[in-house]
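Let's take a walk through this structure together, one part at a time. Please have the sequence and the 3D view open as you read.

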Amino acid sequence: MHNLTIAELIKGLGNKDFSSEELTRHYLNRIQRLDGNYNSYISVTEDIALEQAQAADKRLAAGEAPALCGVPIAHKDIFCTNGVRTSCGSKMLDNFVPPYDATVVENFRNDGAVMLGKVNMDEFAMGSSNETSFYGAVKNPWDTNCVPGGSSGGSAAAVAARLAPAATATDTGGSIRQPASLCGLTGLKPTYGRVSRWGMIAFASSLDQGGPMTRTAEDAAIMLNSMASFDAKDSTCVDHELSDYTASLNDSIAGLKIGVPKEYFSEGLNPQTAERIQAAIAEYEKLGAQVQEISLPHTHLAVPAYYVIAPAECSANLSRFDGVRYGYRCEDPKDLADLYKRSRGEGFGEEVKRRIMVGAYALSAGYYDAYYRKAQQVRRLIKQDFVDAFQDVDVIMGPTATAPAFEFGAKSNDPVAMYLEDIYTIATNLAGLPGLSIPCGLVDNKPVGLQLIGNFFAEAKLLNAAHQFQLATDFHTLTAPGIE
Amino acid sequence: MMEWETVIGLEVHVQLATKTKIFSGASTAFGAAPNTQACAIDLAMPGTLPVPNEQAFRYAVMFGLAIDAEIGKCSVFERKNYFYPDLPKGYQTTQLDAPIVGPGHVEIQLADGSTKSIRIHHAHLEEDAGKSLHEDFHGMSGIDLNRAGTPLIEIVSEPDMRSSEEAVAFARKLHSIVTSLGICDGEMSQGSMRFDVNVSVRLKGTEELGTRTETKNLNSFKFMEDAIKLEVERQIDLIEEGGEVVQETRLYNGETKTARSMRSKEEANDYRYFPCPDLLPVELDDDYIDAIRQQLPELPDARQARFVEQHGLSDYDAGMLAADAATAQFFETATEQCGDAKLAANWVMGEVSAHLNNEEKGIKDSPVTALQLAGLIARIKDNTISNKIAKQVFEAMWNGEGDADAIIEAKGLKQMSDTGELEKIVDEVIAGNPAMVEDWLASDEKKRKKKMGGFMGPIMKATKGQANPGMVNQILSKKLNDML
């Protein structure tokens, strides 16, 4: 059962091949038995899952099942869940139980999905290896000596280890696509404003976007159908027409114009990864697409601009964690300053503190113009690169990450090396564009991902291109070794 | 002796009279139990997001139009970062470079009757903070977040005022404008308007501004006036004794009439302002602004001019009555009913105002309604009662004893206008006071007129004050003159 995709599960549940309760128990059982190897879950919500599964079975029996009725999924622990601890991977929120659901969580519940639990992540989504979680590192099911990527490492590992059919995730600079790449999955970061951020704990508000982590493009389309909505509770949510993202999956991609940015194949790219990417693009040519080289001239500025803007926003976003109203509070504070210093000093991990400090510095008097304002100017140039490129092409393709998964500790003491993990993904967040990673082969027996970048709200086109690739290839069906 | 000139600029916080908060749906009503009007957004729970309240923008635009200012067609919210327990997010959402209201001006009337224009630098929208309560918690502090998120406009003047009197006139004028617009309830005691005063002194005739101090959070005109006077005195003393004014923030205590330094410039926060990524720039088009302009209620200056024109009031009386919308309304209703604007004006500015001041009540809470007052005035006009008796009737009305007619009837206060009866009483008084009569007859013509008043006392006493003074005068004059 755990090798079935979401699309297959929906069919199976509809055909009464199995019940949601059976399916849910199967997954809960797997999590209990196997997650010790991966540490992908922070909380397993067994009671809720079974209750939801039983309710789903009733609706299935009554023939009034919504789209995802009875399908188990996991939520990244960044999405607030009413009555269920939402930690954001941090000691700061280890005791935090929200009295409200994130809109994404509500959407899935309305569509009948079953919540298996809350999955692990880098603390406050800050990291590219899932090593910064208060709940311990997540292991890559393809090689448990290696990182799963981050920050949505728990989402990726859970799906790759078949401990959830799919999971929600978030992407601020590559946090869906990079772990998808490292774990051999399909991960979609939608256009900024497509998915509501209400109840999604903010890292960098102008960059954060929720999206699905799945095994196939078809599953990503099904998940996005539930996830995407216009939400008046999020002022940055865009009231753009909602489409059925599965409707155009089978459209022909003959004539699809693919742009390949030369800047994405520079020296930092692992040569074997580059080969897999080139081969995948060649496969697209076989499918009738037209490939041309393009230039995104400001690519080299994306990481520096990002590492000013994201920390600046996070430095303010994380100010609310002050030990006053909820979350971690230090023991016996002497006075107010002590309460703040120790609650925050003890409650946040190293990487979070590093980014808060960098951000506060970039915004401080005398540095604002040199850093924050400059970074915003660069951001506009980067966006313009893409706007120009999409005059000529439909989809931009290149690598998602520079190399396959690396070993634990390889980059954790070198923040800049870690930041460069997201060199190919960050620009799309700065521009607000949708990006998708799909598996395109193995390097050293570990997956690598092809990244597809689309124009604003062109998720359907990206999913269509990805699905057509997955119809012609079987990289997405490869399963991590040792998975039962 | 050196002659000093005072330079004053004001920052005025005006709470807008919206039903709900600026970024959440929680109520803004005053006086609820602590923390009962603070929702998840006001508490800055993780994942919550702000949604702007349209009414707050409408009110801010109304103010801008009322002071002849340019309206910011694209206003931007910024985050002002600082830690304080009553600031849940760790930043205040406010406006900096792109405020909703640009430069404008407010006319004030000076004691000599001349007018002076005070320039407004700008006015911006922002959220109020909660309240920290330092009493009753045994060395700890309590936090009430009911006020957190209440919409404010902060009005920033240029340093155009030269005395505490001018500053108070300006503050009163702003109060008059915002209450006339209906955008603020004007309840100073509830903190609906709060003043920060920037004060500096310089030698008369010099151009350069002296070092200024800011005295924060004054919530009455009286406190403001006293605080300015105190600060001006302190600065002059300091300089004359060879010292220097230090730029600092000061706190004034209205109870003890003393002020102390709160923090110096060196200790000032670096607020690290940057545009709030959770809120998009708010764009207002000309149609929106014009529609508000069309619906602007009458402003105090226009109302004053109309009262002079329409009701024949003096400039001073018209100004007094026009300043406050509720008072103006009260006056106009009474006038309409009784048909005598001058009497109505005198009564509103006299007895009504004195009684309200005495009991620290607003005109909306006046126990005597405008209609009741008109009823009383009507009885003065038709000679049913004298002015003196009218005050007695007013007192009874104030104490809730009913309408004027009922009170006059019940207490038998009707004026004695029966000629026969009055003649009889006058005769009796003349007969009973031969010495007075002698004296009168012996006086010259000039003195006789004055001395005739001496007979009024005994006559009024005999009629319990109910004799019609005009008629008594006539009868008495005739009878005495006949004796000559």
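**A guided tour of chains A and B**

In chain B, the loop between helix H1 (54-66) and strand E2 (74-75) holds Asp68(B). This is a predicted model, and in it Asp68(B) has a positive phi of about 60° although it is not a glycine. As background, most residues other than glycine have a negative phi, and most peptide bonds are trans. To find Ser151(A), look in the loop between strand E3 (114-119) and helix H5 (153-160) of chain A.

Now step back to the overall layout of chain B. It is divided into domain 1 (4-290), domain 2 (298-411) and domain 3 (419-483). Between the C-alpha centres of domain 1 and domain 3 of chain B there are 63 Å.

Let's turn to the sheets of chain B. One is an open sheet of 8 strands with mixed pairing, and its order reads E5-E6-E9-E1-E10-E11-E12-E13. Strand E5 (104-109) and strand E13 (258-264) of chain B are at the edges; each has a single partner strand, so one side of each is left without a neighbour in the sheet. From one strand to the next, the twist averages 30°. Within this order, strand E6 (residues 115-127) and strand E9 (residues 151-157) of chain B pair in the antiparallel sense, over 7 bridges.

Strand E3 (residues 77-81) of chain B runs antiparallel to E4(B), and 5 bridges join them. A residue to look for here is Arg79(B), which is opposite Thr93(B) in E4(B).

Next come the helix pairs. Two packed helices are described by the angle between their axes and the distance between the axes. How do the axes of helix H2 (residues 164-181) and helix H3 (residues 221-240) of chain B cross? They come within 9 Å and cross at roughly 155°. H2(B) and H3(B) are therefore roughly antiparallel to each other, and H2(B) passes H3(B) in a right-handed crossing. From H2(B), Ser164(B), Ala167(B), Val168(B), Ala171(B) and Arg172(B) meet Phe221(B), Met224(B), Glu225(B), Ile228(B) and Lys229(B) in H3(B). By class, this contact has 6 nonpolar, 1 polar and 3 charged residues.

Over in chain A, the axes of helix H2 (residues 20-34) and helix H3 (residues 46-61) come within 8 Å and cross at roughly 155°. H2(A) is therefore roughly antiparallel to H3(A), and their crossing is right-handed. Residues that make the contact include Ser20(A), Glu21(A), Thr24(A) and Leu28(A) of H2(A), and Ala49(A), Leu50(A) and Ala53(A) of H3(A). This contact divides into 6 nonpolar, 3 polar and 3 charged residues.

Further along chain A, helix H7 (residues 217-227) and helix H15 (residues 459-472) have axes that come within 8 Å and cross at roughly 155°. That makes H7(A) roughly antiparallel to H15(A). Among the residues in contact are Ala217(A), Ala221(A) and Leu224(A) of H7(A), together with Leu463(A), Ala466(A) and His467(A) of H15(A). The classes in this contact are 6 nonpolar, 2 polar and 2 charged residues.

Our last stop is the place where the chains touch. How many residues of chain A are in contact with chain B? There are 36, and they are in contact with 26 residues of chain B. On the side of chain A that touches chain B, helix H9 (302-317), helix H10 (336-347) and helix H11 (350-363) of chain A are the elements that give two or more residues. The largest share, 3 residues, comes from H9(A). By class, this side of chain A has 22 nonpolar, 7 polar and 7 charged residues.

Key
Residues numbered from 1 in each chain as written. Chains lettered and ligands numbered in written order. Predicted model: local features only at pLDDT ≥ 70, side-chain atom pairs only at ≥ 80, totals over all residues. Pairing = 2+ DSSP bridges. Helix = DSSP H or I, 4+ residues; strand = E, 2+ residues; numbered from the N terminus. Contact = placed C-beta atoms within 7 Å. Nonpolar A, V, L, I, M, F, W, Y, C, P; charged D, E, K, R; others polar. Axes fitted to C-alpha atoms, helices over the stretch in contact; angles between N-to-C directions. Parallel < 35°, antiparallel > 145°, perpendicular 65-115°, else oblique. Left-handed = near helix turned anticlockwise from the far one by under 90°. Domains from an automatic or database assignment.
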